[in-house]
Amino acid sequence: MGAVNILEQLDLAVQEGEFLVLLGPSGCGKSTLLHSIAGLIDVDAGSIHIGDKDVTWVDPKDRSIGMVFQSYALYPTMSVERNMSFGLRVAGLPKQEIAKRVQRASKMLQLDPLLARKPAQLSGGQRQRVAIGRALVREAQVFLFDEPLSNLDAKLRTELRRELKQLHRELGATMIYVTHDQVEAMTLASRVAVMRGGRIQQIGAPGEVYARPANMFVAGFLGSPSINFVHGQLTGLGGDRAAFRAGAFEASLPREVFMNPPPATADAVLGVRPEHISLTPPGEAHIPAEVTLVEPMGSHQVVWLDMQGQRLAAIVNSAVPPEIGDRVGVAMDLERACLFDPRSEERL
Amino acid sequence: MSSSRRSRGLRNVAAYAALLPMAVTVLLAYLGTMAWSVRVSFSSSRTLPVDNFVGLAQYTKLFETERWMLSLQNMALFGVLFIVGCMVLGFALAVFIDQRVKGEGVLRTVFLYPYAMSFVATGLVWQWLLNPELGLQATIRGWGFESFTLDWIVQQDAVMYAIALAAVWQASGLVMALMLAGLRGIDDSLWKAARIDGIPPWRVYMSIVLPMLGPSIGTALVLLSVGVVKVFDVVVAMTQGGPGLASEVPAKFIMDNLFGRANIGLASAASTVLLATVLAVVAPWLYARHRAGAKAGAHG
Amino acid sequence: MSAVIDTPAMPVAMPARRPRALPRPARIGIYAFLLTAAAFFLLPLYVMLVTSVKPMEEIRLGHIFGLPMKMTLEPWVQAWSAVCTGLQCEGIQGGFWNSVAIVVPSTIVSILVGALNGYALSFWRPRFSNGLFLLLLIGAFVPYQVLMFPLVRAFASMSLFGTLPGIVLIHTTFGMPVMTLLFRNYYATVPRELFMAARIDGGGFWRIFVQLMLPMSLPIIVVAVIMQVTGIWNDFILGLTFAGREHLPMTVQLNNVINTTTGERLYNVNMAATLLTSLVPLVIYLVSGRWFVRGIAAGAVKG
């Protein structure tokens with residue numbers, strides 16, 4: 001793999017039948033990991049097991065995997081039927097067996113009326129199904145997806161996403177899916193592995209990773225608009241609450257927010273998601289702020305605030321949204337907040 | 001062009017004026033001369049054009065002329081050797097170079113440089129190489145292989161092989177370049193998918209890549225075919241049509257009759273036959289490409 | 001790293017083993033083929049070079065591959081300034097300058113015309129222009145002989161036959177299809193919005209062409225120059241017919257030198273002359289590299 005290590009010290013255990021999403025920005029190593037599992041890239045150290053079989057040095061075709069690429073990589077001069085059966089024919093399977101498998105896959109994916117068509121005559125969704133069909137006929141145990149929806153426009157993307165989720169329910173197969181789109185990750189995954197710099201930052205159910213991020217990177221990567229970070233200090237612990245101060249802003253957080261016992265005083269970063277911030281009329285016992293920008297989103301509004309020099313985003317659903325320049329009070333649901341160490345970026 | 005429907009075209013005097021040279025060229029230099037040639041082929045002109053009509057007399061005479069029939073035979077033989085040789089060698093070169101070999105740039109330069117040389121130079125070099133007394137035959141005999149023979153160029157039955165050899169040497173690089181461009185256009189993920197499907201590389205080339213290269217292959221075939229019909233320079237340079245008339249080709253027959261033997265009626269008939277051959281090959285191909293282009297995208 | 005993926009009922013575990021690299025024989029075979037092919041292609045060039053610096057005594061020995069025992073540049077000097085090209089015996093240098101005199105104006109004019117045509121066809125599209133263009137393209141494939149005689153007579157009647165302007169005009173005419181195609185395809189990739197913005201800005205036909213499109217066409221002009229210079233320099237049949245005795249291009253003179261000599265053939269001089277004739281296009285090829293290939297990809301073939 002060259003002199004640069006793309007993946008370091010990575011341990012991953014995938015459960016049977018789960019939909020695991022590898023999520024991360026470009027260059028984080030998620031594609032490399034997927035290609036390694038597929039056998040398209042050789043590993044320098046370590047091992048890969050699929051089921052009980054050690055497949056570290058096994059050819060891709062013998063790993064019992066199927067892979068769907070961003071471009072679907074269908075053989076353009078062959079019909080759908082031939083696309084699905086070509087690999088089997090090359091492997092020398094008897095004609096009856098091939099026909100049986102193609103038929104079964106085609107029925108499952110509703111490809112029957114399309115069997116004679118060429119890829120160029122298919123829609124995006126149909127192509128995706130053919131690509132999956134190709135993996136199905138090989139009786140793959142694990143399905144790998146390499147950013148299959150990245151090239152599509154928004155509407156098609158949501159539609160195919162739903163089809164995919166449906167398919168996973170019907171097939172119950174193990175699926176590993178690579179994407180940089182956190183919405184895809186959240187909606188499709190049974191577990192999400194957030195990656196950065198060749199390491200898995202956190203792995204868990206989408207809700208878990210969203211609500212209890214392990215570090216600032218994960219917290220900031222999930223959620224749109226992203227989480228608000230307020231830099232300040234922990235000023236004291238007392239009983240079951242801790243005090244946080246950032247300039248004139250003071251907050252008191254419940255102990256449950258912490259993952260580890262926190263030091264008594266230290267620099268800290270408070271993370272609060274926009275949907276946990278609400279606006280109140282100014283003057284009440286809440287921190288004052290000024291509205292700098294309002295983005296109407298149809299179902300809600302994103303309001304950008306300047307709270308004593310710190311920039312915050314809040315999600316507000318109001319029939320009368322605030323205007324630029326309004327002075328409002330800011331209320332935060334601190335039960336759902338997190339605290340991070342500014343140096344290590346780890347969760348406190 | 002992003003117009004979604006066929007735009008009406010902008011009425012502008014300047015545009016018409018600017019295209020006047022092109023119109024003149026097409027109408028006079030191409031269509032006009034072709035019509036003129038065809039007209040002459042129906043007359044009994046010899047040194048100068050004569051304004052009479054003799055029907056198909058020239059054509060009958062043409063196909064009774066041994067020299068013409070021989071030139072057609074030679075062209076057919078040359079055509080097969082040249083096209084097959086170039087396509088096979090060019091494709092093989094492209095495939096092998098595509099295997100991520102070191103020094104790819106140097107190799108490409110080496111395979112393509114003959115195409116930068118004129119056909120005359122190619123003919124002369126190969127004439128020298130195939131010279132029986134002082135060229136390859138003599139050299140290899142000098143190494144001890146007393147019975148080695150490579151005297152195609154002086155053998156009536158084999159001279160076309162010599163010419164084909166020189167021509168393949170010159171033009172294979174062209175086919176290689178065209179094929180390589182096509183190969184490079186194939187998405188990488190296709191290879192990965194084939195690997196996962198368990199398809200061996202040679203099978204990928206045969207069943208997947210080759211069909212995908214259809215357009216490139218079509219282009220190469222048409223270009224080579226046109227070269228076959230036009231072949232003139234290399235014959236003149238290499239053998240002057242000899243030994244005797246053994247390597248006579250239609251283009252040379254026509255030139256000789258036009259300027260040397262002053263029989264323009266006959267020559268025009270021959271030209272018309274040649275023209276018909278070319279059109280038979282090119283017109284359907286151009287039409288097919290035009291239709292494919294129109295279907296693929298409204299670029300006007 | 002380790003990745004463990006649970007799946008239902010898999011067969012017995014296989015022992016891990018290091019994979020074998022791509023089988024040696026296959027790799028060796030690839031290189032063997034390529035190197036053999038390279039030798040085939042380089043052979044004539046090598047022989048040309050070697051022959052051109054050998055004295056005739058060595059050549060008569062018949063070892064075509066042998067390096068010269070006594071190297072001499074005399075053949076080159078002879079080829080350049082002393083061989084007989086027809087009636088004169090001043091070497092092939094005359095042909096060289098003739099070729100230059102033909103190539104330079106022909107290239108310039110044919111490219112300008114091609115660019116103009118491509119521009120008009122792409123952006124303005126007057127009536128019938130597409131049909132005309134299609135006919136022009138077919139013309140590109142027509143064998144020269146069909147057009148030859150009428151053109152000769154036409155040129156003679158215009159007193160252009162055998163003159164320099166005449167041969168330039170011929171090359172422009174025969175180069176028009178490919179050049180027009182080249183530029184038309186290039187302008188098809190220019191966004192039409194650019195053109196429309198220019199018109200809104202008040203530009204007329206010529207102004208837009210000269211001040212906007214031509215400067216933008218630099219890449220394709222480079223390709224066109226390479227194609228035309230190579231093609232016209234290497235042309236034989238058109239020069240033979242239309243250039244007239246005082247303007248015969250180098251290719252024609254080369255053929256005269258080698259194939260119409262009486263007496264003993266001086267093979268070393270012949271090879272030197274051939275190399276001299278091929279020098280210009282070969283240098284262009286070596287220097288231009290990728291641009292040359294781009295010209296080919298644009299569907300070009302001359303001669």
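Met307(A) stands opposite Gln310(A), which belongs to strand β17 of chain A, where a strand is a DSSP run of E of at least two residues and a helix a run of H or I of at least four, both numbered from the N terminus. This is a predicted model, in which local features need pLDDT of at least 70 and side-chain atom pairs count only at pLDDT 80 or more, while totals for chains, interfaces and linings use all residues. Residues are numbered from 1 along each chain as its sequence is written, and chains are lettered from A and ligands numbered from 1 in the order in which they are written.

**Hairpins of chain A**

- Strand β16, which covers residues 301-307 of chain A, is joined by seven bridges to β17, residues 310-316 of chain A, and these two strands run antiparallel; strands are said to pair if DSSP finds at least two bridges between them.
- β16(A) and β17(A) make a hairpin with two residues between the strands, and in this hairpin Gln308(A) takes a positive phi near 50°.
- β16(A) also pairs in the antiparallel sense with strand β15, residues 287-296 of chain A, this time over six bridges, and among the residues involved Glu295(A) has Val302(A) of β16(A) as its bridge partner.
- Four residues lie between β15(A) and β16(A) in the hairpin that they form, and Gly298(A), placed in the turn, has a positive phi of about 95°.

**An open sheet in chain A**

- Elsewhere in chain A, six strands form an open sheet with mixed pairing, and their order across the sheet is β5-β6-β7-β2-β8-β9.
- The edges of this sheet are β5 (65-68) and β9 (199-204) of chain A, and because each has a single partner strand, one side of each is left without a neighbour in the sheet.
- The partner β8, residues 191-196 of chain A, is joined to β9(A) by five bridges in an antiparallel arrangement, with Val194(A) standing opposite Gln202(A) of β9(A).

**Domains of chain A**

- Chain A is divided into domain 1 (19-221) and domain 2 (228-340), with bounds that come from an automatic or database domain assignment.
- The centres of domain 1 and domain 2 of chain A, taken over C-alpha atoms, are separated by 40 Å.
- Five residues of domain 1 of chain A are in contact with five residues of domain 2 of chain A, contact meaning that the C-beta atoms of two residues, placed from the backbone, lie within 7 Å.

**Backbone details**

- Most residues other than glycine have a negative phi, and most peptide bonds are trans.
- The peptide bond from Ser224(A) to Pro225(A), by contrast, is cis, with omega near -5°, and Pro225(A) is placed in the loop between α8 (216-221) and β10 (228-238) of chain A.
- Glu139(A), a residue other than glycine, has a positive phi near 50°, and its place is in the loop between α4 (124-137) and β6 (142-146) of chain A.
- Glu139(A) has 12 C-beta neighbours inside 10 Å and therefore counts as exposed; a residue is exposed if 12 or fewer other C-beta atoms, placed from the backbone, lie within 10 Å of its own, buried if there are 20 or more, and partly exposed in between.
- In chain C, Phe128(C) has a positive phi of about 70° although it is not a glycine, and it lies in the loop between α4 (93-124) and α5 (129-141) of chain C.
- Phe128(C) counts as exposed because it has 12 C-beta neighbours inside 10 Å.

- Chain B has 14 helices and zero strands, and its C-alpha atoms fill a box of roughly 75 × 70 × 30 Å along the principal axes.
- Of the 300 residues of chain B, 44% count as buried.
- Among the contacts in chain B with a separation of 6 or more, 71% are accounted for by residues 24 or more positions apart.
- Where chain C meets chain B, 75 residues of chain C are in contact with 81 residues of chain B.
- Helix α1 of chain C, residues 24-52, supplies the largest share of the side of chain C that touches chain B, namely 12 residues.
- The residues on that side of chain C divide into 50 nonpolar, 21 polar and four charged, where Ala, Val, Leu, Ile, Met, Phe, Trp, Tyr, Cys and Pro count as nonpolar, Asp, Glu, Lys and Arg as charged, and the others, Gly among them, as polar.
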